[in-house]
Amino acid sequence: MEALILAGTEDTPKIILDKASNQFEISGRSLPEDVSVFYQPVLDWLDKYLESPLDQMELAFKLEYFNTASSKLLLDILMKLESVTEKGGNINIKWHYDPKDTDMQEAGEEYADLVSISFELVPM
Amino acid sequence: MTIANFPLSFINEINDTMIKSNLIMSYVGDFSQEITKTVLSMTERNFDAEGVGEGVKKKVFNVMVESLQNICKHQYSGEETEGTSSIFTIGATDLHYSVISGNVIHNDKIDAVQSRIDQINSLDADGLKALYKEVRLKSTISEVGGAGLGFIDMARKSGNKLEYRFDTINNELSFFTLLAKISNKE
């Protein structure tokens, strides 16, 4: 399955979705002008991935900042991943945050409460 | 009114007014994602140079992004070109930062905006958290790419009531000003 790799920019996050090298990461800043346009390829990749998921996938979030529209898309991503167990796969989310950034920590805790997948909060 | 029609001393007056109002930066014009990025970058560098605390910096940055992107998404974009530019400005006192936006909107949008802000202002931190989660779950991304969460987030991050006003321009349009105050204490 082809990898989706996007370099991070001033307003869009770095995306690494690479089954072959077992690397899955969303990091940096997310404040794109149009979140739907930016995240569509990510959602498409995940749909494809879910057709035959790995036994174990670890998806790391290392976000410095994300705007409210991104917050919605991140929820969409996490909710989409909930179906992984139906296909016999497993997923663990690693939500990295700066321990001084209580908002980022709280955001992770809120997501963890909302979705049924394994969710780990990782202070950096 | 062009710069040729009034004395150059007007610029001195504007500068004075800004200083007296504690406005540390201001941008007037049409807003875009590029402008948003530039304003953020300028303010970040400014704050780094001033040694503003990380916590306060992050909160101000959060509120700024939502404010700037709201202007982009909701600023008037009709046929009138005179007097329809938007403004973004930051005020700073010893006690707090004020993130202020101003833009022209259609009068038929006023009720919805006003009732939304009034609702948000009536909630405490827990109420805002619950509202944020509810709207985020139920909403879909709008035509202009918004999720309907900006005001709520501004209220949450600033920790204060949002202040606003509508000034009528004509029977189609008004000028909407929004202020979010963030405490300067870490």
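## Strands 4 and 5 of chain B

B:Thr168 has B:Ser174, in strand 5 of chain B, as its bridge partner. Strands here are DSSP runs of E with at least two residues, helices are runs of H or I with at least four residues, and both are numbered from the N terminus. Strand 4 (residues 163-168) of chain B runs antiparallel to strand 5 of chain B, and six bridges join them. Two strands count as a pair if DSSP finds at least two bridges between them. Strand 4 and strand 5 of chain B make a hairpin, with four residues between them.

Strand 5 (residues 173-183) of chain B also pairs with strand 3 (residues 96-106) of chain B, in the antiparallel sense and over 11 bridges. There, B:His106 has B:Leu173 of strand 5 as its bridge partner.

## About the model

This is a predicted model, in which local features need pLDDT of at least 70 and side-chain atom pairs count only at pLDDT 80 or more, while totals for chains, interfaces and linings use all residues. Residues are numbered from 1 along each chain as its sequence is written, and chains are lettered from A and ligands numbered from 1 in the order in which they are written.

## The nonpolar core

The largest nonpolar core has 54 residues; B:Val60, B:Val63, B:Met64, B:Leu68, B:Val99, B:Ile152 and B:Ala180 touch the most other members. Such a core is a set of buried Ala, Val, Leu, Ile, Met, Phe, Trp, Tyr and Cys residues joined through C-beta atoms within 7 Å. Helix 3 of chain B supplies the largest share of this core, eight residues.

## The sheet of chain A

Chain A has an open sheet of six strands in the order 1-2-3-4-5-6, with mixed pairing. Its edge strands, strand 1 (4-6) and strand 6 (118-123), each pair on one side only. Strand 2 (residues 14-18) and strand 3 (residues 23-30) of chain A run antiparallel and are joined by five bridges. In strand 3, A:Ile26 is the bridge partner of A:Ile15.

## An exposed residue

A:Glu51 lies in the loop between helix 1 (35-49) and strand 4 (57-66) of chain A. A:Glu51 counts as exposed because it has 8 C-beta neighbours inside 10 Å. By the rule used, a residue is buried if 20 or more other C-beta atoms lie within 10 Å of its own, exposed if 12 or fewer, and partly exposed in between, with C-beta atoms placed from the backbone.
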